[in-house]
Amino acid sequence: MTKSRTEWPLWEIFIRGQHGMSHRHVGSLHAQDADAAVRNARDVYTRRNEGVSIWVVPSASITASDPDAKGALYEPSHSKVYRHPTFFDIPDDVGHM
Amino acid sequence: MDAKFEFLCRMGDSTLILGHRISEWCGKAPVLEEDIALPNIALDLIGQTQMWLAYAAEVEGAGHTADDLAMRRDVWDFRNLLLVERPNGDFAQTMTRQFLFDAWHLPMLQALTTSSDKRIAEIAAKAVKEATYHYEKSSEMVVALGDGTEESHARMQSALDLLWPFAGEAFVSDTVDHEMAATSVAPTPETLWDDYEASVKDILSRATLTLPKARFAHKGGKSGTMHSEHLGHLLTQMQWLQRAYPDARW
């Protein structure tokens, strides 16, 4: 038997939609274990037909970037618009990209 | 009384009353996840009720609709199992009641998918997918709470001691069941018992819970002869709008 806790562990939920190519983060919820997290995700996040596949990940397993390091991490790319592929003329024959 | 009508009311009334009971948790379940999961199950069961009672009304041939049967009958006309009219109690009682019901409901629906009555087979085929999920969810919840903390274990054991005497009713046949079995419409209730007992014991052992020794089973729900006082209270709430404002619609 486990020691009494007041909250179930937190899980991050990823859902792949009917025509989605990849799983997308949709939110988080509590559950006693991974299987229960999948069931809860089914109930909370797919009740309007949103998905065909569910991933659950313990929130504690996620390593996040430091919000205070925003400057060092992201600002250097602000001045490098040439990294967007918008400076090329696309021949008509190529069609929609 | 037509046996098939009786049988259809038994199926539809059990899902209706349990669906209503579970819906009573809406907005006050212990956690958000269950607050959404429980009404989901309630809606599944009430959807199944619509199919059972719509067919029951057709078989009855008295010009009634599924809504009439659900909202205009009184206690003595209901044919649900006594188990499902038990009050919600604490969360352990709600989950135990759900598990004891699902463990019967799922194999019952599986058997009904091969019913000689095509309409019943179709209703069962649709309902069995929902019941599969209900059973998975309630059985795993029984394991989690039974093999959980000291408090959850104690609550689950007392819920089981309280509700087990209501589990047997579904497996005792009467003349309605005999007629349904003779025409291959439905299985003989007793034939489902061995698998039921085996699956319940399997889950309970994983849940570290002990099945009560006594085999006594309350009866009178599915025959309608002896409902508990709880059903009347439930109906006053479930049916009050149609009783206060007959034919009201929106």
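Me: Hi! Let's start with Pro246(B): is it buried or exposed?
Reply: Pro246(B) is exposed, because its relative accessible area is 51% and the cut-off for exposed is over 50%. Do keep in mind that this is a predicted model.

Me: How far is Pro246(B) from Met71(B), in sequence and in space?
Reply: In sequence they are 175 residues apart, while in space their C-alpha atoms are 9.8 Å apart.

Me: New topic: the two chains. How many residues does each one bring to the contact?
Reply: Chain A brings 14 residues and chain B brings 16 residues.

Me: What area is buried between chain A and chain B?
Reply: About 1,500 Å², with carbon and sulfur atoms giving 57% of that area. The accessible area lost when parts come together is often how the size of an interface is given.

Me: How many salt bridges are there between chain A and chain B?
Reply: The count is 2 salt bridges. One salt bridge joins the side chains of Arg39(A) and Glu136(B), at 3.8 Å from N to O.

Me: Which elements of chain A give two or more residues to the side that touches chain B?
Reply: Those are β2 (24-30) and α1 (34-45) of chain A. The most comes from α1(A), which gives 5 residues.

Me: How do the residues on that side of chain A divide into nonpolar, polar and charged?
Reply: On the side of chain A that touches chain B, 4 are nonpolar, 5 are polar and 5 are charged.

Me: OK, on to the inside. How many residues are in the largest nonpolar core?
Reply: The largest nonpolar core has 79 residues, and the ones with the most contacts inside it are Phe7(B), Phe99(B), Trp104(B), Leu112(B) and Tyr196(B). Helix α5 (residues 91-112) of chain B supplies the largest share of this core, 12 residues.

Me: What does Phe7(B) touch, neighbours within four places in sequence aside?
Reply: Phe7(B) is in contact with Met108(B), Leu112(B), Ile120(B), Val176(B), Met180(B) and Ala186(B).

Me: Last one: which residues are among those in the other core?
Reply: That core lies apart from the largest one and has 11 residues, including Ile13(A), Ala36(A), Val44(A) and Tyr45(A).

Technical notes
Residues are numbered from 1 along each chain as its sequence is written. Chains are lettered from A and ligands numbered from 1 in the order in which they are written. This is a predicted model: local features need pLDDT of at least 70, side-chain atom pairs count only at pLDDT 80 or more; totals for chains, interfaces and linings use all residues. Side-chain values use heavy atoms; hydrogens and water are left out. Contact means heavy atoms within 4.5 Å. Buried area is the accessible area (1.4 Å probe) that two parts lose on being put together, summed over both. A salt bridge is a side-chain nitrogen of Lys or Arg within 4 Å of a carboxyl oxygen of Asp or Glu. Helices (H or I, at least four residues) and strands (E, at least two) are DSSP runs, numbered from the N terminus. Ala, Val, Leu, Ile, Met, Phe, Trp, Tyr, Cys and Pro count as nonpolar, Asp, Glu, Lys and Arg as charged, and the others, Gly among them, as polar. A nonpolar core is a set of buried Ala, Val, Leu, Ile, Met, Phe, Trp, Tyr and Cys residues joined through side-chain atoms within 4.5 Å. Buried means under 20% relative accessible area, exposed over 50%, partly exposed in between (1.4 Å probe, protein chains only).
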